[in-house]
Amino acid sequence: MFTPAELLAINTLLTPENKIVILTHYNPDGDAIGSSLGLKHYLKAKGISAEVIVPNDFPKFLKWMPESKKVIIGEYKRKYAFDMISGADVIFCLDFNSPSRIGILGDWLTKSRAKKILIDHHQQPEAFDFVYSDTVIPATSQMIYHFIEALEDEALVNQDIAECLYTGIMTDTGGFRFRSTSATTHRIIANLIEKGADPSVITSNTWDTNTVSRLHLLALVLGRIEVVNDGKVAVLSLTRNELKEYGFQKGDTEGFVNYGLSIAGVKMAAFFMEDLYDDFIKISFRSKDDVDVNQFSRKYFNGGGHINAAGGKSDESLADTIETFKKRLTEEEI
């Protein structure tokens with residue numbers, strides 16, 4: 001958490017007169033949107049306006065959250081996003097550890113004279129004016145709750161805040177299944193429920209909204225899942241042509257990698273997908289126990305994240321990327 005002196009300094013910045021912007025990472029997920037909107041609603045409860053800006057669009061299954069329709073998408077409204085970031089007095093940087101993680105917004109963030117406040121749980125954060133970094137906490141949305149606690153504003157937590165933070169924590173813990181989910185996480189979830197977050201409604205809105213294209217793609221992926229490395233590693237993949245054939249929509253492949261990890265005996269799963277427009281392979285890694293996919297991804301696939309959940313990228317073809325991956329497995333003795 002921020003030191004008492006830092007909290008005091010931050011609190012003095014949180015005024016109606018200051019222009020406040022909230023940024024999150026490229027390809028925003030549930031925790032990115034949940035933490036950003038949760039913080040926005042908290043500031044609103046204090047009588048302070050803030051704009052949430054994301055680099056690119058986010059999945060439809062997250063657009064039920066309060067004021068999600070007001071999120072500014074940088075790739076669609078570049079001039080507006082640029083003006084907001086350039087003219088901001090305070091910028092909250094949520095769920096990313098480096099300006100490089102927010103696409104075109106990164107350069108604008110770096111050049112902005114605003115006070116920059118980082119709240120994030122990824123490893124190896126870069127320098128910001130104020131940094132609250134904790135890699136043990138399973139979701140940035142939980143960190144936003146701790147931030148509200150530290151400012152002694154728990155009484156301000158309302159249903160809008162509760163729904164957004166609950167969604168962020170739920171999605172980034174895989175439905176509270178991941179090892180990083182703690183007793184503290186569950187206590188916070190209980191508090192959010194008491195503040196108006198309805199678990200059944202949130203779960204239904206977020207996870208029970210499958211598109212036909214998602215189900216077709218999932219059937220295709222599961223039909224050819226490959227288990228290698230003596231049954232310890234699962235490999236899943238999709239080509240660009242397959243995405244086009246089944247009418248891929250943003251968010252359709254969310255969580256596919258977890259199906260590989262659900263196989264008995266599998267300690268690591270990797271999902272490889274050709275980008276729909278550019279010539280690179282997007283990779284999602286998941287693991288169990290002490291299999292560190294963060295370091296694996298950093299070392300071999302220009303990525304990173306958490307010990308048990310990370311992302312990566314490859315400029316090789318899909319087939320070559322998968323072959324390279326299999327070779328790296330033997331080198332690392334996974």
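Q: Which strand does helix α13 run at about 160 degrees to?
A: This is a predicted model. Helix α13 spans residues 318–332. It lies across β7, β8, β9, β10 and β12. The strand at about 160 degrees to α13 is β9.

Q: Which strands are the edge strands of the open sheet of six strands?
A: The order is β7-β8-β9-β10-β12-β11, with mixed pairing. An edge strand here pairs on one side only. That gives β7 (226–228) and β11 (304–305).

Q: What is the bridge partner of glycine 304 in β12?
A: Two bridges join β11 to β12, residues 309–314. These strands run antiparallel. In β12, glycine 304 has as its partner glycine 311.

Q: What angle does the direction of helix α12 make with that of β12?
A: Helix α12 covers residues 293–300 and packs on the sheet. It touches β9, β10, β11 and β12. Its direction and that of β12 make an angle of about 15 degrees.

Q: How many Å apart are the end C-alpha atoms of helix α9?
A: Helix α9 has twelve residues, 212–223. At 1.5 Å a residue, they should span 16 Å. The model agrees with this, as the end C-alpha atoms are apart by 17 Å.

Q: Why are the buried residues of α9 on the same side?
A: The buried residues are Ser213, Arg214, Leu217, Leu218 and Val221.

Q: Which exposed residues does the face of α9 turned away from its buried side carry?
A: The buried residues of α9 pack against β8, α10, α11 and β9. The face turned away from that buried side carries Val212, Ala219 and Gly223.

How values were computed. Residues numbered from 1 in each chain as written. Predicted model: local features only at pLDDT ≥ 70, side-chain atom pairs only at ≥ 80, totals over all residues. Heavy atoms only, no water. Helix = DSSP H or I, 4+ residues; strand = E, 2+ residues; numbered from the N terminus. Expected span 1.5 Å × (residues − 1). Buried < 20%, exposed > 50% of the residue type's maximum accessible area, 1.4 Å probe, protein only. Contact = heavy atoms within 4.5 Å. Pairing = 2+ DSSP bridges. Axes fitted to C-alpha atoms, helices over the stretch in contact; angles between N-to-C directions.
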